[in-house]
Amino acid sequence: MKHIPVLLDEVIENLHIKENGIYIDLTLGRAGHSKEILKRLKNGTLICFDKDIEAINESKDSLKSSNSKVILIKSDFRFILDELKKLNITKVDGILADLGTSSPQLDNTDRGFSYKENAKLDMRMDLSSPLKASDILNNYSEEQIDKILYKNADVKFSRKIAKAIVENRPFDYSNKLVELLRDILPAKVVREKNPAKQVFQALRIEVNDELNSIKEMLDSLPQLMNKDGKILIITFHSKEDYLVKKFYQDLNYVDPIKAKLPTFDENKSWSQKIIFPSKTEIETNKRAKSAKLRVITKL
C-alpha cells in the first residue's frame, strides 16, 4: 500500500516555513512530509532522520531536485543533539516527528509488524538492532511479558496472555500468536476488538524502545528552537501522546513561589494547539483515525 502522510496540509500550514530556514523531519519514512517541506524552501536546509535504512534508501531520489540542502541521517531521533553537533547546527526553525509506523513497514510481511499476515516475529525498525519480537516472546519471563503488554499498550488480560505465551513457546511466526490470543480470550473480547492489535503494538514498542526514545528526543528539543520556532508532533496512541502532553506542560511550568510570579498563564514561554484529522481524511486514510497533531511554538 502506498504511504499517505497523515495531516499533511495541517503540518505544512503550521510549520510556517521560511524559505531560508532550517527544518528537521525526525521521521522521514517515505518522505511524504519532507517532500512538501522541501518544495517551500529556496535556500534552506532540510535534515531528515530515520533509523530504518530502507526508508532512507527509498527516499533519496525523491528529495534530490531542490536548491536547498538536504541531509539524510540514519539514526534514532533520540540522538538528535549528537547528530546536529556534527553538523555545527545549534538552532532550527521547525521540527516534525510523525510517531506512526509507516505503511511500507506495516505492509512488508518480512518486517513482521502486522498481525494480519503470517510473518516472522521481527518488528525491528532498525534492522541492525539485535532484539526481535520473537526474542521477547521466547526468552522473557512471564512477569516481564505481562509488564510489557500492560505498560506499553494497556492490554487487557495481560497476565493471562503472558502465562499462555510462556506455556506455548516457541513463537517464531505471527499466526501462532494470533491464534493463541483467539483461543484463550473470551469470545466477546475477540469479536469487539482484535486483541492482537494491542499485543503487537506493545511488542513493537518494546523491540524499538519507542517510549524511552520519544522522551529523550523531546527533552532535547527546547534548546534547539529559534524564537517562533515550531515543534510538530503527530501521535497515534495514548502512551506516546501522554509523553508529548507532559513535555508541553513541563515547558511552561514555573514555580510561582520561587519565581515570585503572579500566575502560571501570564508567564508562558511556549504555546500549543491540537489538531485532529478531518472526516474526509479519515475516510480516505484509515490510519489517520487515531492521529493527533500537537503544534508547540516558542514564544
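These are my notebook entries on a few places I looked up in this structure, which is a predicted model.

**Entry 1: Ser68**

I started with Ser68, which sits in the loop between α3 (53-59) and β3 (69-74). Is Ser68 buried or exposed? Its relative accessibility is 8%, and the cut-off for buried is under 20%, so Ser68 counts as buried.

Next I checked what its side chain touches. A polar atom of the Ser68 side chain lies 3.3 Å from the backbone oxygen of Lys42. The side chain of Ser68 also reaches the backbone nitrogen of Gly44, at 3.2 Å. With neighbours within four places in sequence left aside, I found Ser68 in contact with Leu38, Leu41, Lys42, Asn43 and Gly44.

**Entry 2: the nonpolar cores**

I then turned to the largest nonpolar core, which has 31 residues. Which residues have the most contacts inside this core? They are Ile24, Leu26, Ile80, Ile95, Met217, Leu218 and Leu221. The elements giving two or more residues to this core are β2 (45-50), β3, α4 (80-86), β4 (92-98), α12 (210-220), β5 (225-235) and α13 (238-251). Of these, α13 gives the most, with five residues.

Leaving aside its neighbours within four places in sequence, Leu221 is in contact with Leu26, Ile80, Ile95, Ile231 and Phe247.

There is also a second, separate core of 30 residues, and I noted Ile145, Ala162, Leu177 and Val199 among them.

**Entry 3: helix α8**

Ala162 took me to helix α8 (residues 158-167), where the buried residues are Ser158, Ile161, Ala162, Ala164 and Ile165. As a reminder to myself, an α-helix has 3.6 residues a turn, so residues three or four places apart point the same way.

On the other side of α8, Arg159 and Glu167 are exposed. What do the buried residues of α8 pack against? I found α6 (133-139), α7 (142-153), α9 (174-184) and α11 (195-207) there.

**Entry 4: a pocket**

Last, I looked up the second largest pocket, whose volume is about 210 Å³. Its lining is made of Asp154, Val155, Lys156, Ile161, Leu185, Val189, Glu192, Lys193, Pro195 and Gln198. I noted that α10 (187-192) and α11 each supply at least two residues of this lining.

Note on methods
Residues are numbered from 1 along each chain as its sequence is written. This is a predicted model: local features need pLDDT of at least 70, side-chain atom pairs count only at pLDDT 80 or more; totals for chains, interfaces and linings use all residues. Side-chain values use heavy atoms; hydrogens and water are left out. Helices (H or I, at least four residues) and strands (E, at least two) are DSSP runs, numbered from the N terminus. Buried means under 20% relative accessible area, exposed over 50%, partly exposed in between (1.4 Å probe, protein chains only). A polar contact is a pair of N or O atoms within 3.5 Å; within protein, one must be able to donate a hydrogen and the other to accept it, and residues adjacent in sequence count only if both atoms are side-chain atoms. Contact means heavy atoms within 4.5 Å. A nonpolar core is a set of buried Ala, Val, Leu, Ile, Met, Phe, Trp, Tyr and Cys residues joined through side-chain atoms within 4.5 Å. On a 1 Å grid over the protein atoms alone, a cavity is a set of points where a 1.4 Å probe fits but cannot get out, and a pocket is an open set with protein on both sides within 12 Å along at least five of seven lines; lining residues have an atom within 4 Å of a point. Grid points are joined across faces, edges and corners, and a volume is the space filled by probe spheres set on the points.
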